[in-house]
Each structure stands twice: as C-alpha cells, then as structure tokens.
Protein chains: 2
Amino acid sequence: MPNGAQILIEGLVGAGVRACFANPGTSEMHFVAALEDASALRPVLCLFEGVATGAADGYGRMTGRPACTLLHLGPGLAGGLANLHNARRAATPLVNVVGDHALRHKRLDAPLESDIEALAGTVSGWTRRTYHAAELAGDVAEAVAAATGPPGRIATLVVPADVSWSDAGDPPAATPPRPARRGLVSVDAVTGAADALRSGESAAVLLGGEAVRGAGLAAAARIAAATGAELLCETFPARAERGAGRPVVERLAYLPAAARRRLAGVRHLVLAGATSPVAFFAYPGQDGDLLPEGCRVHTLAAGAEDVTAALAGLAEVLGPGSPVPEEAARPALPSGDLTAETAAAVIGALLPEGAVVVDEANTSGLWLPGATAGAPPHDWLTLTGGAMGQGLPLAVGAAVACPERPVLALVGDGASMYTVQALWTQAREGLDVTTVVFDNRSYAILNLELGAVGAVAEGARARRLLDLSGPSLDFVALARGMGVPAERADTAEEFAALLKRGLAEPGPFLIDCVVPSLV
Amino acid sequence: MPNGAQILIEGLVGAGVRACFANPGTSEMHFVAALEDASALRPVLCLFEGVATGAADGYGRMTGRPACTLLHLGPGLAGGLANLHNARRAATPLVNVVGDHALRHKRLDAPLESDIEALAGTVSGWTRRTYHAAELAGDVAEAVAAATGPPGRIATLVVPADVSWSDAGDPPAATPPRPARRGLVSVDAVTGAADALRSGESAAVLLGGEAVRGAGLAAAARIAAATGAELLCETFPARAERGAGRPVVERLAYLPAAARRRLAGVRHLVLAGATSPVAFFAYPGQDGDLLPEGCRVHTLAAGAEDVTAALAGLAEVLGPGSPVPEEAARPALPSGDLTAETAAAVIGALLPEGAVVVDEANTSGLWLPGATAGAPPHDWLTLTGGAMGQGLPLAVGAAVACPERPVLALVGDGASMYTVQALWTQAREGLDVTTVVFDNRSYAILNLELGAVGAVAEGARARRLLDLSGPSLDFVALARGMGVPAERADTAEEFAALLKRGLAEPGPFLIDCVVPSLV
C-alpha cells in the first residue's frame with residue numbers, strides 16, 4: 001500500500017510536474033525517500049529556500065508548466081517568499097509542497113510551529129492543507145490544476161508529516177480536474193479596441209503577460225502595422241520574446257519621468273495582457289499613475305482572459321498589415337574601458353541565438369535593451385515583483401527547463417548577494433548558465449532613488465548604507481567556493497573573451513564584470 | 001520642521017535603541033538620510049534581510065534591549081521572517097521598521113505591493129501601520145515599549161514612504177509609555193512548587209528564558225542544593241550562562257529518546273520559565289509529549305511572569321542550600337584526526353572567559369556541551385526556533401552588542417549557507433567573531449532524521465538531496481570572497497592552532513573545520 005508521500009509524488013508526476021526544487025527538513029523525509037522511485041521527477045537541491053522558489057519560477061516561465069518546490073514548514077516557506085512574490089507577479093504556474101508537523105503534534109507548539117497558511121496566503125492563489133493521506137491524490141491534482149489555470153498562479157499544498165507517512169489506501173480512480181482555460185474576451189472589447197486604433201488619434205498597445213510571446217506578439221505586430229499604433233511592453237515582463245526578425249516592441253521605462261515622456265501624447269492606450277501603467281514607487285509631489293491626461297484606456301484582455309486569441313481577433317478585424325520586424329544588427333565589439341555601456345555592447349555582439357536572458361542588472365542594465373534588440377532571437381526574463389535576489393535562482397530554473405538553450409544571467413552585485421547560494425546548485429546540476437555580475441560596488445539603484453525621492457544624504461553615515469565596497473566582494477572567490485569556474489574582467493576585451501568562453505563551455509561560468517557605478 | 005523619518009529615528013534613540021540592522025530600499029531612503037545626524041544609532045548594512053533580523057535577535061539576546069531592523073516592504077520583511085521566527089521563540093525584544101509605498105500609491109498595486117501585515121502577524125506580538133507623520137513619535141514609543149515588555153517580543157512598525165518624508169509637525173510632549181513589568185507569580189505557585197520539591201519523590205526543575213541566567217540561575221542552584229532536585233534546562237535556550245563556577249544545569253536532549261531517558265522516573269517537574277517538554281518533531285508511533293507517565297507538572301513561572309523573582313522566592317521558602325558549582329575543567333588539547341568529538345575538545349580547551357558562543361552546529365555539536373561545561377564562564381546562544389541560518393547573523397548581532405567580548409560561532413556547513421552573507425557584515429564592521437564551520441559535506445541532521453521517522457532512502461536519488469558534496473563547498477574561498485580571513489583545518493592540531501589565532505586576532509576569522517559526518 002503506498003504511503004501519502006508516494007501518492008503525492010505520483011500525483012505530481014501524473015499531472016505533468018517534472019522538476020522539484022527542494023530544501024527539505026525532517027517533516028519532508030518521506031517525500032525525499034519516495035523520490036527514489038520517481039524517475040520522472042527531477043530533484044534539485046537548493047541550499048536556501050529562496051533559490052528553490054526562484055528556480056521554480058524560472059522553470060514555470062520557460063515551460064508554462066509548474067515545477068514544485070519542497071519546503072520545510074513555515075520558516076522554510078518564509079525563506080522562499082520573496083521569490084514567490086516575484087513569481088506571483090509573473091503569473092507563473094508553481095506548486096509549493098510545504099511539509100508540516102504531524103497533525104497530533106500541532107497542539108504542542110513545538111519550536112518550528114507557525115502560521116503556514118498566513119504566509120502562504122500572501123503569495124498563493126490556492127492554498128490547502130491535507131488532513132488525510134487518502135485525500136492527497138485529489139488535493140495534489142487540484143493544486144496542479146489551480147497552478148496551471150490561467151493566467152498561472154501559485155498553489156500551496158501543506159502536507160503534515162503523518163499524512164506523508166500514513167498508508168494512503170487504494171489510489172482513487174483517476175479523474176484529474178481539467179485546468180480552466182483562458183476566457184475569451186467579449187466582442188465589445190475587440191471592437192472597442194479596434195475603434196480606438198482606427199480613430200486617427202495617437203494610439204499605443206501595451207503588451208503584457210503572454211502577449212509578448214508567440215502568436216499574440218505576431219498579431220500585435222500586424223495590428224501595429226495596420227493602424228500605425230505603437231507597440232509598448234510592460235516594464236517588467238515575465239518572459240518577452242525579442243531579437244532580430246521579431247516585432248519591434250519598446251519596454252516602458254522604469255523611471256517614471258522617462259515612461260511619462262514615452263506615453264506623452266498617446267490618446268488611446270489598448271491594454272493587452274498588461275495593466276494600466278503606474279510608477280514602481282511613489283515620489284513626493286508626483287502622481288503614481290503614468291497615463292497622460294486625456295488618454296483613454298481600452299482593455300482588450302486582462303487577467304485570465306485569452307490575450308493571444310484577442311490580439312488575433314483584433315488583427316483580423318483591423319485587416320492586413322505588413323509588420324517591419326527588428327533588423328538583425330549587433331554592436332561592434334568595443335575595446336578599452338569596461339562600463340555598463342561597453343558591457344552591454346559586448347553582450348549584444350555575442351548573444352547566441354535561442355539564449356534565455358535573465359535580467360536583474362538594475363542600473364547597470366540601462367544599455368542592454370538597445371544593445372541586444374537586433375541580436376538573434378532570444379527570451380528576456382525580468383524582475384517582475386521587485387524583490388531582489390531573483391536573477392541567479394531564475395537562471396537555475398530556466399536552465400533545468402531548457403537544457404538545450406544557453407542561459408545568460410545578468411545581475412547586479414547587490415542583487416546577486418541575496419540568493420548567491422544558487423551558484424552551488426548550478427555547479428551540482430551542471431547547468432549551462434553564464435552569469436555576469438555587474439560589479440559596481442554599490443546599491444547604485446538606491447543612490448539613484450535617494451535623489452529621486454528628494455532625500456538628502458550627503459554624509460558618509462547614510463551613503464555607507466548604499467555602498468558595497470569596504471570590503472569589496474570578490475565574486476570570483478565566491479563562485480569558485482561554490483564550484484562554479486569564474487574570472488574577472490576589467491576591460492571590454494577581457495569581458496568579451498570571458499563571455500565567449502562562458503557561452504562556449506558547457507556548465508556554469510561566472511564573470512565578475514567590474515564597471516563604474518552610473519550614479 | 002523634522003520629517004517623519006527624523007522623528008522616527010529620534011524616537012528610537014530616545015527609547016534606547018542603539019543599533020539598526022538594515023537592508024533598505026527606495027521607500028526607506030528618508031530613513032537612511034536621517035541616520036546621518038543620529039550618531040547614537042549605529043547603522044549596520046546587511047546584504048540579505050535574514051542577516052539583519054538574525055543580527056537584531058543576537059543583539060537583543062545579549063543586551064535585553066531591542067535593536068531595530070530596516071526592511072523594504074513585504075518582500076524585505078519576508079526575507080527576514082525565518083530568523084524572526086527564531087527571535088520570536090527566543091522572546092527577543094526587537095523592533096522591525098518596514099517601509100512601504102506611500103499611502104496614495106497603495107491602490108495602484110505596484111509590483112512590490114503585498115500584504116505586509118499578514119507577514120508581520122506571523123512573528124510579531126505587536127504590529128502597527130502609521131498613517132500620519134504626526135503619529136510616528138507615539139507609534140515608535142509604543143513599538144519599543146511593546147518589544148521590551150515581558151517576556152520580550154517582536155514589534156513591527158510599517159512606515160509608508162510619505163509618512164517618512166512628510167513634515168511631522170511639532171514633536172509631541174514626551175510621554176513615552178512605560179514598558180510593562182514582569183508579573184509576580186502567585187503565592188500558590190511558589191508553595192505548590194515547594195511542596196512538590198519537598199515531597200521526597202524524584203523532582204526536577206526545568207529552567208527556561210531568563211531562569212538560565214544571573215540571579216534566577218543562582219536561586220535555582222540553591223533550590224536544587226536544598227532539595228536534591230535536578231536542574232534541567234530547555235533544549236534550546238535563547239541565552240544560557242554556564243561554565244566553571246556556575247550552577248550545574250543539564251540541557252534536555254534534542255532526540256526524544258534521550259530526553260525521555262533523562263526524564264524517566266521524575267515524579268514532579270517544576271517549570272521555571274520553560275514550557276512542558278515536547279519533541280521537536282513527531283515520529284510515527286511516538287507521543288510528542290516527553291513527560292514520563294505519572295509525572296506531575298508544577299508551573300512556577302511562565303510567559304511574562306517574573307521567573308527570577310519566583311525562583312528567589314522559592315529558594316527563600318526552601319531554606320539554605322550549598323550549591324556545588326561546575327568545576328573548572330578543560331579537556332586536553334587532542335591530536336590527530338579532526339572529528340566532531342576532537343573539535344569539541346579543542347573548543348573546550350581554548351574557550352576564552354566571557355565568550356559568547358553561538359551554537360548552530362547541529363549533529364557536529366554533540367560533544368560541545370560536555371567539552372565546554374567546565375570552561376571559564378561564558379554565554380551559550382542556541383537555535384530557538386529551528387529555522388536554519390541563524391548562527392552567522394546571531395554572531396553579528398552579539399558582536400555589535402558586546403564589542404568587548406569574543407564571539408564564537410559554531411555552525412554546520414548546511415546551516416551556514418542559508419545566511420552566509422553575514423560574513424560580509426562581519427568584515428565591514430570589523431566584528432570580533434571567530435566562525436567555525438563544521439564541514440561534513442552533508443545535511444547530517446536529516447540523514448539522522450530520515451531513519452528516525454522510519455523513511456527508507458537507500459538509493460542515490462534520495463540520499464543526494466541530503467548530500468552537500470559534489471561540489472564541496474570551499475568555505476575558505478567563500479569567507480575570503482566576503483573579506484573575512486579564513487583557513488582550513490584537517491587535523492586536531494591545525495584546528496587548535498587556527499582557533500587560537502582566530503580568538504587572539506581582532507576582527508572576524510573563519511575556520512573550515514573538516515569533520516566526518518556522524519551519520
């Protein structure tokens with residue numbers, strides 16, 4: 001008779017889950033033991049829970065299917081919450097399996113006891129605790145269905161230890177719930193958008209979610225060609241397809257002033273899988289809403305609606321157009337000083353076709369979109385929820401999801417340190433990830449924001465809280481300490497040589513890319 | 001006119017807060033700026049929130065006064081939750097300052113928006129959001145009073161960015177709330193315990209919280225001497241005073257079977273600041289309650305009650321006794337193989353007087369209590385809540401709190417990796433912490449638990465989830481990469497030489513102590 005843990009894993013595998021990013025503890029030991037016979041579920045050990053959740057996010061973004069995490073009670077889930085926040089904002093399908101004390105142990109208030117459901121509720125679209133092993137098969141099927149249902153969400157299943165170790169009885173008849181399908185948008189939504197785009201007034205389509213990929217993106221390009229509307233993309237897309245031969249789409253800038261300039265004069269904004277643009281942060285005396293005055297918003301598709309079908313329908317209504325795709329164009333390999341700008345040129349010059357780019361470069365990433373727009377087709381994954389420490393784990397998950405594609409992680413030095421343990425998992429699993437740490441020895445984004453919010457911190461005490469020198473982090477030593485080969489680049493030529501090497505060699509490689517801070 | 005952030009910092013300083021463990025973001029920039037003029041509040045930058053919260057825990061345990069953290073919205077608080085869980089279990093006074101979006105920005109659901117209060121509620125005894133800058137002075141005073149009130153708790157103050165940057169008006173008249181005082185126990189509680197201890201039946205006193213320190217501990221020793229009762233200590237005390245000349249107290253074992261053996265035959269258990277003993281985890285077919293059958297429990301003092309006064313009163317009732325303190329005794333310096341046992345002997349042989357020992361050594365720590373019992377007087381801080389990754393941050397906070405005392409962090413390799421970023425803060429602040437990483441290349445505690453819960457994982461797939469080799473972590477490289485000098489020890493002699501060096505030199509030092517796994 002199978003125990004609960006075996007039924008749980010069987011259910012995960014049966015529902016299509018193929019990777020488990022794990023940081024287990026005692027209450028998960030039966031799950032660990034049951035992994036032995038589940039060859040379809042790849043266990044990936046992570047040394048910190050935030051690596052596991054970020055990796056599951058990366059996996060889900062690249063496959064459209066959920067990976068599961070395996071976490072240890074409330075504190076284990078807590079460690080993974082920041083990257084689950086990012087996954088929630090990315091609408092990534094993801095199943096958390098959180099072990100808990102045996103049910104009869106709960107009332108003893110043992111040291112690890114805490115309110116798991118309260119934590120889970122802050123990031124999950126679906127949360128359940130299983131009370132009987134016989135109910136696990138149904139609960140895990142529902143968890144995967146909930147995670148997979150549009151637009152994708154986090155499902156958290158809390159599994160008490162005794163539910164894992166108890167006999168689960170006869171496996172129930174297989175009646176897995178069907179994942180919900182994306183809803184079709186109304187005819188009014190399509191005709192409303194069509195009227196706006198044909199109004200003759202300045203119009204733009206703001207793409208988000210699935211609309212920056214595949215058929216939706218292609219339809220958006222036809223719409224723009226047919227109407228002259230501009231194609232914009234939300235500031236932090238979960239996964240955008242771009243590069244030579246793909247539609248020209250401009251990501252809305254992070255800085256509100258730049259975003260406002262871009263939107264100025266737009267009279268009609270059609271939302272396709274994106275929400276109306278707002279500032280990332282509030283600033284004194286500024287409105288957080290980025291819409292220009294008098295601009296009308298037309299929601300073509302939102303939330304769980306089928307934005308791909310809606311864009312296809314809208315393109316059909318608007319008639320043929322001849323999109324001009326992004327031209328193939330790469331920057332020349334620069335020489336001399338290594339800066340955020342020359343580093344971006346190196347990346348643009350060398351980015352391989354089919355690359356998965358994970359972007360948590362923050363200030364040092366300013367030139368990346370321009371330098372890579374005409375590179376061979378690639379995917380671009382961004383920091384959807386603003387919770388730092390996403391980049392390295394996301395790369396782990398993307399590499400597990402797409403072993404045949406090169407993964408390039410572009411991360412700020414400050415950002416990398418939140419979840420630097422991800423490098424060890426890259427080494428253990430032999431993942432083909434090339435990591436570039438933009439090493440400017442500061443929280444440069446905060447130096448930028450310090451001025452933007454009107455705070456004055458001229459003195460050393462305050463500035464020191466944003467400064468990462470003294471001591472400088474040695475990323476080569478850190479990477480090698482976790483088994484990842486690494487080298488340091490101080491010039492553009494060195495960076496180019498190292499990036500070529502990292503992209504050519506299988507397995508992980510890290511480049512400490514020493515650049516001056518922009519701020 | 002001061003702004004909210006200035007008033008907030010003024011209030012913290014006025015209430016006696018002297019250290020701020022910070023990982024700030026944009027919404028905290030005015031707080032950062034205001035630190036410039038607050039020379040009484042030491043800002044300590046941490047590269048991950050779990051370091052900040054663990055450090056604040058260590059600081060609070062050593063001073064009895066709260067440090068504050070500075071965290072960035074919900075995701076920043078989330079990153080700190082695991083160590084806040086440990087701090088909650090330690091009843092450490094601690095004030096979280098969590099920045100949030102400006103109030104008018106909340107409804108825009110910007111990327112970092114999340115349910116901060118839900119997260120805070122899982123660890124905090126007091127949570128408040130300030131809505132007006134003029135209310136900050138009162139709120140911060142209440143936060144510190146709540147944190148300081150017995151037995152000590154986490155207070156979380158959510159401060160929207162606009163509350164920080166707005167004029168706070170005239171500072172209110174200073175009427176800081178008085179922290180609540182510990183309640184006195186009833187006469188019945190004292191006489192009940194006295195009767196039990198004089199019953200002639202086998203009795204033990206289980207000490208916890210403040211009772212393992214200072215006057216309470218001394219009174220407990222007199223009680224034991226007068227009655228023949230055994231002195232036990234909860235398994236994971238927040239801070240226990242021990243060593244030569246101090247009362248002989250035995251910590252209850254982590255493994256339930258060992259704890260049960262220790263308690264077998266006890267007919268009366270007097271609880272002094274401790275809760276009735278329960279197993280850390282549940283195991284199939286075992287009761288989680290560790291009390292022997294027929295044992296009667298007598299609560300002398302619990303929760304917020306004044307356990308020190310209660311023990312003094314009980315000692316008075318029971319009359320004079322002549323405690324036999326722990327004899328001064330150190331193990332001989334061992335030679336040859338470096339194992340958990342010989343490493344413990346080295347530590348016992350060299351532990352300096354007044355040391356603050358932070359213990360997250362898990363399985364490798366098995367011999368530590370015995371080897372150090374007769375060392376010169378020292379404090380011992382343990383993993384109160386079971387959330388891994390406490391050791392290195394706790395050492396940061398203890399060292400900031402007690403710059404004149406040597407701090408010795410004893411951590412497992414697995415445990416150290418959750419919050420390894422703490423080493424950078426040790427280097428930046430020049431903290432006198434000697435870190436020993438017990439490097440057995442495995443989650444050995446889980447290999448132990450795997451058998452204990454009756455899970456069978458003979459195969460490589462399952463075992464690999466508990467194995468930290470392949471690649472092995474190079475802790476010397478990791479430490480040096482964060483600016484901490486480090487060396488590796490492969491023999492008992494090498495370990496002794498390095499420990500002498502680490503304890504003798506000011507500033508941080510790390511020893512990679514390579515030991516075989518016990519399991």
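## Working through the salt bridges and a domain interface

D379(A) and R246(A) pair up through their side chains in a salt bridge, with N to O at 3.9 Å. Keep in mind that this is a predicted model. Grab the structure and let's go.

**Exercise 1. Work out which parts of chain A the pair D379(A) and R246(A) ties together.**

Step 1: find the two ends. D379(A) sits in strand β14 (residues 378-382) of chain A, while R246(A) is in the loop between β9 and β10 (250-251) of chain A, so the pair links parts that are 133 residues apart in sequence.

Step 2: check the distance. A salt bridge here needs the nitrogen within 4 Å of the carboxyl oxygen, and this pair comes in at 3.9 Å.

Step 3: Buried means under 20% relative accessible area, so D379(A), at 1%, counts as buried.

Step 4: look for another partner. D379(A) also meets R239(A) in a salt bridge, at 2.7 Å from N to O.

**Exercise 2. Describe how domain 2 and domain 3 of chain A meet.**

Step 1: count the touching residues. On the domain 2 side 18 residues are in contact with 21 residues of domain 3 of chain A.

Step 2: size up the area. Between them the two domains of chain A bury about 1500 Å², and 51% of that is on carbon and sulfur atoms.

Step 3: tally the polar side of things. The rule finds three salt bridges across the interface of domain 2 and domain 3 of chain A, and the count of residue pairs in polar contact is ten.

Step 4: see what domain 2 brings. Strand β9 (residues 240-242) of chain A gives the largest share of the side touching domain 3, three residues. By class, that side has twelve nonpolar, one polar and five charged residues.

**Exercise 3. Compare two salt bridges in chain B, E429(B) with R42(B) and R488(B) with D490(B).**

Step 1: start with the general idea. Side chains of opposite charge can pair when their charged atoms come close.

Step 2: take the pair E429(B) and R42(B), whose side chains meet at 3.0 Å, N to O. E429(B) belongs to helix α16 (residues 422-429) of chain B and R42(B) to strand β2 (residues 42-45) of chain B, so this bridge ties together parts 387 residues apart in sequence.

Step 3: E429(B) is buried at 14% relative accessible area, whereas R42(B) is partly exposed at 30%.

Step 4: now R488(B) and D490(B), which meet at 2.9 Å, N to O. R488(B) counts as partly exposed at 40%, and so does D490(B) at 37%.

Step 5: zoom out. The search of the whole structure turns up 50 salt bridges over all chains.

**Exercise 4. Which residues of helix α17 (residues 444-452) of chain B are buried, and what covers them?**

Step 1: list them. A444(B), L446(B), N447(B), E449(B) and L450(B) are buried.

Step 2: recall helix geometry. An α-helix has 3.6 residues a turn, so residues three or four places apart point the same way.

Step 3: find the cover. It includes α2 (29-35) of chain A, together with α18 (460-463) of chain B.

Step 4: follow the chain onward. After α17(B) comes G454(B), with a positive phi near 80 degrees.

Definitions and conventions:
Residues are numbered from 1 along each chain as its sequence is written. Chains are lettered from A and ligands numbered from 1 in the order in which they are written. This is a predicted model: local features need pLDDT of at least 70, side-chain atom pairs count only at pLDDT 80 or more; totals for chains, interfaces and linings use all residues. Side-chain values use heavy atoms; hydrogens and water are left out. Contact means heavy atoms within 4.5 Å. Buried area is the accessible area (1.4 Å probe) that two parts lose on being put together, summed over both. A polar contact is a pair of N or O atoms within 3.5 Å; within protein, one must be able to donate a hydrogen and the other to accept it, and residues adjacent in sequence count only if both atoms are side-chain atoms. Helices (H or I, at least four residues) and strands (E, at least two) are DSSP runs, numbered from the N terminus. Ala, Val, Leu, Ile, Met, Phe, Trp, Tyr, Cys and Pro count as nonpolar, Asp, Glu, Lys and Arg as charged, and the others, Gly among them, as polar. Buried means under 20% relative accessible area, exposed over 50%, partly exposed in between (1.4 Å probe, protein chains only).
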